[in-house]
Amino acid sequence: MRRHQSWYRSVVLNLPYGTGPGPNSASFYGNMLTRIDGEAGLNFLSSEIFQVVQNRIAQGGGAIERFRLLHNMLSSQPMCFNLFGPLVIDLDLAKTLLQTIVPESILEVIRVDIEWSPIPKTDYLNDHTAFDAFVEYRTTDRQLIGLGIETKLSEPFSQKEYDRPEYRRWMLDTDSPWLPEAWDKAQAIGHNQLWREHLLAVAMKNQPGSAYSKVRLMLVHHAEDVECARKFSNYKNLLKDNDDTLLALSLDQIVVRWMSAVKQEKHKEWLKAFKKRYVDLELSQPDRQ
């Protein structure tokens, strides 16, 4: 993936490489943009997406890391903006595209946020857990539904093991999606981050006074990230058979579904650019050079 992002920078963008992975790093990497190119928004597929990025940076909060977001082409955070940024500013487009990845019939998409968590955090997990993206929509039968999204490009899940009483509170609900035997397994390091994201979705649904009929978590990952898929499968085994609060789609699946749904040429060009940037890894293979 580093090679592919380096290829994209060099061949598609025709830009020099920069230093990273942090703002004070002196090491050169092919997937890093220079200070000037990163600040100019060249890590993003369009000026409209870059405007969404700038607005989110100005908003503050969340896990936004400005340098990584603007300069590191290998990070999943700019990928999240490149995939969901157009939906933030065009809710009609969001409705068209979301309809291809959720089971309900959608009446309207109310909002799309990137790097978002509910407040006050003390009512939920009381930590820094946040969704990479969050979509709120209303179905044709007037249900309010939330979709939290976790995006992965090449980074592993968090390698730290967290557990706290606030987490366990939500596992005790009568409609908990977890199997009884999951109690001692959920916090395992292999899927601790996925568990916390899922907990946040469950907490939003089951919070007293919640207006949501359902809140799901969707994992978006690269099809060739077999380790990510394996950990998702292991975690899925901790859930009840009839649970529908946890979904997963690969980037190529999303692109295929969205390409079949869009009509405007600018949206087709955006998805083609996304596919080249993140999905078509064969383009950067040595035998294609």
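Tutor: At least two residues of the lining of the largest pocket come from each of α5 (76–89), β3 (106–116), β5 (144–151) and α8 (192–206), where helices (H or I, at least four residues) and strands (E, at least two) are DSSP runs numbered from the N terminus. The model is a predicted one, in which local features need pLDDT of at least 70 and side-chain atom pairs count only at pLDDT 80 or more, while totals for chains, interfaces and linings use all residues. Residues are numbered from 1 along each chain as its sequence is written, and side-chain values use heavy atoms, with hydrogens and water left out.

The largest pocket holds about 670 Å³ of space, and among its 26 lining residues Ala63, Glu150, Ser158, Gln193 and Glu197 are the closest to its centre. A pocket here is an open set of points on a 1 Å grid over the protein atoms alone, where a 1.4 Å probe fits and protein lies on both sides within 12 Å along at least five of seven lines; lining residues have an atom within 4 Å of a point. Its volume is the space filled by probe spheres set on the points, which are joined across faces, edges and corners. By residue class, the lining divides into eight nonpolar, seven polar and eleven charged residues, with Ala, Val, Leu, Ile, Met, Phe, Trp, Tyr, Cys and Pro counted as nonpolar, Asp, Glu, Lys and Arg as charged, and the others, Gly among them, as polar.

Strand β4 includes Tyr137, which is buried, with a relative accessible area of 0%; buried means under 20% relative accessible area, exposed over 50% and partly exposed in between, for a 1.4 Å probe and protein chains only. The C-alpha atoms of Tyr137 and Leu147 are separated by 8.3 Å, although the two residues are ten apart along the chain.

Val220 has Leu249 as its bridge partner in β7. From β6 the chain passes through helix α9 (residues 226–236) to β7 in a right-handed β-α-β crossover, meaning that, with the strands pointing away from the viewer, the path from the first strand over the helix to the second runs clockwise.

For the whole chain, there are eleven helices and seven strands. The radius of gyration is 19 Å, close to the 19 Å that the globule rule gives for 289 residues, so the chain is as compact as a globular protein of that length; the radius is taken over C-alpha atoms, and the rule is 2.2 Å times the number of residues to the power 0.38. Of the 289 residues, 52% are buried.

Definitions and conventions
Two strands pair if DSSP finds at least two bridges between them.
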